[in-house]
Amino acid sequence: MRKPAETSVPVIPAVAERWSPRAFDATAEVSPQELTTLLEAARWAPSFGNTQPARYLVGRRGDPTFARILAALNSGNQAWAFRAGVLLVGVMMTTNEKGDVPYAEYGLGLATENLVLQAVELGLIAHQMAGFSADAVRSSFGLPDGAVPRVAIAVGHAAEAEVLEDERRIERELKPRQRIPLSEFAFSGEWGTPALGD
């Protein structure tokens with residue numbers, strides 16, 4: 001299912017097509033080549049001082065890592081994420097051999113956006129989640145000090161909204177996408193003065 005953004009001017013297709021569906025095809029696989037491409041895109045994201053704070057735990061549907069990531073998700077996310085071909089947890093490294101890593105969360109965010117946009121480019125879908133237990137991830141995977149789980153990501157192939165079965169989830173899946181207008185997004189001169197029109 002496509003829900004391209006209704007932008008005021010054209011943007012690159014991956015940006016226009018990116019959204020966060022929950023309806024995954026439980027029979028479709030993410031190939032090793034696709035997974036490598038996703039991680040390679042994330043690896044080449046910009047980072048402050050080339051500190052490269054992003055790391056990923058990666059599970060493919062059916063393997064033990066996938067099961068452990070799925071178990072760390074909250075029940076609402078477990079209800080649909082089990083159909084994804086891949087589950088990942090984005091982890092930010094907050095320290096390195098020089099001390100604290102500046103902007104580690106920002107660096108992980110940039111890397112994850114690269115991953116998600118690459119997924120769109122490959123014809124896959126991706127959904128980022130805050131609803132998981134960081135403590136469960138830490139203990140299940142033995143994360144070192146300074147490694148902070150920040151986001152879970154489901155990646156796979158799209159299915160029809162009806163696979164979600166729950167009426168509310170189906171309705172949310174089909175709902176049009178929305179964003180605030182540019183006039184409320186970018187300011188110039190003083191706060192609240194639009195830099196551009198809608």
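Two residues are said to be in contact when heavy atoms of each lie within 4.5 Å. The model shown here is predicted, so local features need pLDDT of at least 70 and side-chain atom pairs count only at pLDDT 80 or more, while totals for chains, interfaces and linings use all residues. Residues are numbered from 1 along each chain as its sequence is written, and side-chain values use heavy atoms, with hydrogens and water left out.

A place to begin is histidine 127, which is found in strand β5, residues 125–129 (strands are DSSP runs of E with at least two residues, helices are runs of H or I with at least four, and both are numbered from the N terminus). Histidine 127 has a relative accessible area of 5% and is therefore buried (buried means under 20%, exposed over 50%, and partly exposed in between, with a 1.4 Å probe and protein chains only). Apart from neighbours within four places in sequence, the contacts of histidine 127 include Ser20, Trp80 and Ala154, and its side chain comes to 2.8 Å from the backbone oxygen of serine 20.

Side chains of opposite charge can pair when their charged atoms come close. Counting as a salt bridge any side-chain nitrogen of Lys or Arg within 4 Å of a carboxyl oxygen of Asp or Glu, the structure has 5 salt bridges. One of them joins glutamate 17 to arginine 2, with the closest N and O atoms 2.3 Å apart. Because glutamate 17 belongs to helix α1 (residues 13–17) and arginine 2 to the segment before α1, this pair ties together parts 15 residues apart in sequence. Glutamate 17 is partly exposed at 23% relative accessible area, whereas arginine 2, at 59%, is exposed.

Terms used:
A polar contact is a pair of N or O atoms within 3.5 Å; within protein, one must be able to donate a hydrogen and the other to accept it, and residues adjacent in sequence count only if both atoms are side-chain atoms.
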